[in-house]
Amino acid sequence: MEAVYEEAREVPSSMCDHAGRLGMADTFALFMDLATTHALMMGCGWRQMAERHLFWLTVKTKVVFAPQAERPQMGDAVIARTWPEEPGKMRCVRDYQVECDGRITAAGKTEWAILDTETASLAPVGDVYGEGLTFTREPAVGTPFVRVVDDFEGVEPFATYTVRSTDIDLGGHMNNVAYVRALLGSFTVAELDALQIREIDAIFRNQCFEGDELVLSRKATEDGYDVRLAKDGKTAFLAHLVCEHL
């Protein structure tokens, strides 16, 4: 059996950005929802994992977007799909796509690890999917995750963000998508329209909790920006943005 899951849906207004198109942070949320549903169907969802004292950890996510004019609009019919790649010993990767009118308008991948909640250490992921699966589908994104150099010495902070109650997830810490929303929210609408972000690499380093004050720093790169969210001087989240225009 090839483990591919897909849903046909319409883009709701609640997931649209200021241009009336499927939002970038909302695309991250859509991919997370697909992974959650599919994992439950495969027997390795959060409920099944909790019974084994295990918890999924997102290590990093990469999403590649079509140009803004080609992204799905409010009410458009899309097909959203996900599938896992063959797992390694301690890490595994899940892929995602959004298709609209026969075109792939967003593609992504997430690297996951598993936390043993009893020992607070990482657990092997090699047998998480059980037996009988085939892993023959090509990766959704052919390029590797970007390595963001965590060196922002001398870079002046440009914004702060206080972790809110609405950012907190089932694990009691800041939800992965909330980091992406905080990141994108640090840009103005005019900046987002001017930059035309085409790729986001998100790297999750340390947990944040309600009331934590995050300091945002960003520096220009050859193709966009590197951004750091820090708590008490320690990196909590890193991102690399590839922009169509600088």
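About 290 Å³ of space lies in the second largest pocket. A pocket is an open set of points, on a 1 Å grid over the protein atoms alone, with protein on both sides within 12 Å along at least five of seven lines. Volume is the space filled by probe spheres set on the points, which are joined across faces, edges and corners. The lining of the second largest pocket consists of 17 residues, with Asp17, Gly23, Met24, Leu184 and Leu192 closest to its centre. Lining residues have an atom within 4 Å of a point. H1, H3, helix H4 (189-195) and strand E8 (197-204) each give two or more residues to this lining. Helices (H or I, at least four residues) and strands (E, at least two) are DSSP runs, numbered from the N terminus. By class, the lining holds 6 nonpolar, 5 polar and 6 charged residues. Ala, Val, Leu, Ile, Met, Phe, Trp, Tyr, Cys and Pro count as nonpolar; Asp, Glu, Lys and Arg count as charged; the others, Gly among them, count as polar.

The model is predicted: local features need pLDDT of at least 70, side-chain atom pairs count only at pLDDT 80 or more, and totals for chains, interfaces and linings use all residues. Residues are numbered from 1 along each chain as its sequence is written, and side-chain values use heavy atoms, with hydrogens and water left out.

The largest pocket holds about 990 Å³. Its lining comprises 41 residues, and Trp56, Leu57, Thr58, Trp112 and Asn176 lie nearest its centre. Elements giving two or more residues include helix H1 (24-42), strand E2 (54-65), strand E5 (103-116) and helix H3 (176-185). H1 supplies the largest share, 8 residues. The lining divides into 24 nonpolar, 12 polar and 5 charged residues.

There is 1 cavity of 30 Å³ or more. A cavity is a set of points where a 1.4 Å probe fits but cannot get out. The largest cavity holds about 40 Å³. Its lining is formed by Arg9, Glu10, Val11, Pro12, Met15, Leu22, Leu30 and Val78. Of these, 6 are nonpolar, none polar and 2 charged.

H1 packs against H3 at about 175°, with the axes 9 Å apart. H1 is therefore roughly antiparallel to H3 (an angle over 145 degrees). Axes are lines fitted to C-alpha atoms, for helices over the stretch in contact, and angles run from 0 to 180 degrees between N-to-C directions. Met24, Ala25, Asp26, Phe28, Ala29 and Met32 of H1 meet Val177, Val180, Arg181 and Leu184 of H3. Contact means heavy atoms within 4.5 Å. This contact has 8 nonpolar, no polar and 2 charged residues. Just after H1, Gly43 takes a positive phi of about 90°.

Terms used
Parallel < 35°, antiparallel > 145°, perpendicular 65-115°, else oblique.
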